[in-house]
Amino acid sequence: MAAMQRRRGPNVVGVFGLLQPFADALKLLAKETVIPYAANMWIFIFSPILSLTLALAAWAVIPFQSGLVLVDINIGALYIFAISSLSVYAIFMSGWASNSKYAFLGSLRSIAQMISYEVSMGLIVMPVLAITGSFNFSEIVLAQAEIFYFIPLFPLFIMFFISALAETNRPPFDLPEAENELVAGYFVEYGGAGFALFFIAEMSNIILMSFLTSIYFLGGWNFFFGISSAFFLAIKVLFFCFLFVWVRASLPRYRYDQLMFLGWKVFLPSAISLLLFVILFLFFLDGLPASIVFYF
């Protein structure tokens with residue numbers, strides 16, 4: 001980000017400042033945990049733990065290579081949506097338990113934003129699942145051995161990545177953490193280990209969304225000409241992580257009404273229309289000879 005914005009970044013700790021994240025983590029974990037006087041102590045402490053637990057639980061169904069997955073279940077896509085829905089509770093509990101108006105407003109904003117874009121994201125993914133005929137991530141990747149889904153489903157690919165930015169509260173959709181309006185959002189009262197857990201959960205979700213984008217639309221570990229390796233999946237994930245940073249360094253923040261307009265009046269109707277088109281297209285192809293279907 002510093003290089004993109006032509007400014008000096010953290011460059012003191014380690015070579016080129018590469019050890020700065022580890023120094024920040026050590027600093028946060030070593031700080032004293034301060035609990036506000038009027039806060040609900042147990043819920044205040046439990047919220048960041050729940051947030052990180054759910055963020056790490058989502059990784060159980062992510063395949064890194066053929067056969068290299070912790071739990072290879074047939075409803076992997078549904079499992080991811082269930083976990084992302086539960087993460088809303090951790091954010092709400094943290095904002096409510098802090099007993100702070102700014103934390104509570106930040107949590108309400110974040111919940112509304114996440115729920116809005118979860119609806120759109122679910123409908124965006126449906127055509128991919130319909131074409132594959134499975135909710136299993138490994139089968140979704142194997143179905144893209146010949147062609148990556150982002151080629152025929154390019155509008156859905158763009159919409160999914162933008163929804164991933166909004167789902168993870170990253171710029172230009174970082175309304176819950178708007179410093180000039182809400183100080184720091186739902187975790188404004190957290191410091192030390194509590195803040196670190198929220199931060200790690202947020203970074204974990206960014207990498208998870210990069211994995212999901214690569215699996216759904218870029219063929220996962222597949223490369224061209226039948227070549228496949230976990231190395232190619234890593235390259236795709238790093239590319240999307242780079243895009244997250246690039247967007248953050250380049251674009252200004254949306255207004256809240258613009259954020260909701262994009263989610264409910266642009267992405268939702270577009271996703272429903274494209275889903276119906278893909279379903280009708282598949283229904284039409286089902287009655288054609290096998291050679292013509294293979295051509296399409």
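The questions below concern the pocket, the cavity and a surface patch of this predicted model.

Q: Why is M4 called partly exposed?
A: M4, which is found in the segment before α1, has a relative accessible area of 35%; buried means under 20% and exposed over 50%, with partly exposed in between, and therefore M4 is partly exposed.

Q: What makes the nonpolar surface patch, and what is its area?
A: The patch is made by M1, M4, F239, F242, V245 and W246, and covers about 530 Å². Patches are made of residues with over 30% relative accessible area, and M4, at 35%, is over that cut-off.

Q: How many cavities of 30 Å³ or more does a search of the whole structure find, and why is such a space called a cavity rather than a pocket?
A: The search finds one, and the largest cavity has a volume of about 380 Å³. The term applies because a 1.4 Å probe fits at its points but cannot get out, whereas a pocket is an open set. Of the 27 residues lining this cavity, S87, M114, E167, T168 and N205 are the closest to its centre.

Q: Which element gives the largest share of the lining of the largest cavity, and how is that lining divided by class?
A: The largest share, eight residues, comes from α8, and the lining has 18 nonpolar, six polar and three charged residues.

Q: What makes up the lining of the largest pocket?
A: The largest pocket holds about 1400 Å³ of space, and among its 34 lining residues M1, R170, F199, M203 and R248 are the closest to its centre. Two or more residues come from each of α1, α8 and α9, with the largest share, eight residues, from α8.

Note on methods
Residues numbered from 1 in each chain as written. Predicted model: local features only at pLDDT ≥ 70, side-chain atom pairs only at ≥ 80, totals over all residues. Heavy atoms only, no water. 1 Å grid on protein atoms, 1.4 Å probe; cavity = no way out; pocket = protein on both sides within 12 Å on 5 of 7 lines; lining within 4 Å. Points joined across faces, edges and corners; volume = space filled by probe spheres on them. Helix = DSSP H or I, 4+ residues; strand = E, 2+ residues; numbered from the N terminus. Patch = residues over 30% accessible without salt bridge, like charges linked within 9 Å, V, L, I, M, F, W, Y side chains within 5 Å. Areas by Shrake-Rupley, 256 points an atom, 1.4 Å probe, with all protein chains shown as cover. Salt bridge = Lys/Arg side-chain N within 4 Å of Asp/Glu carboxyl O. Buried < 20%, exposed > 50% of the residue type's maximum accessible area, 1.4 Å probe, protein only. Nonpolar A, V, L, I, M, F, W, Y, C, P; charged D, E, K, R; others polar.
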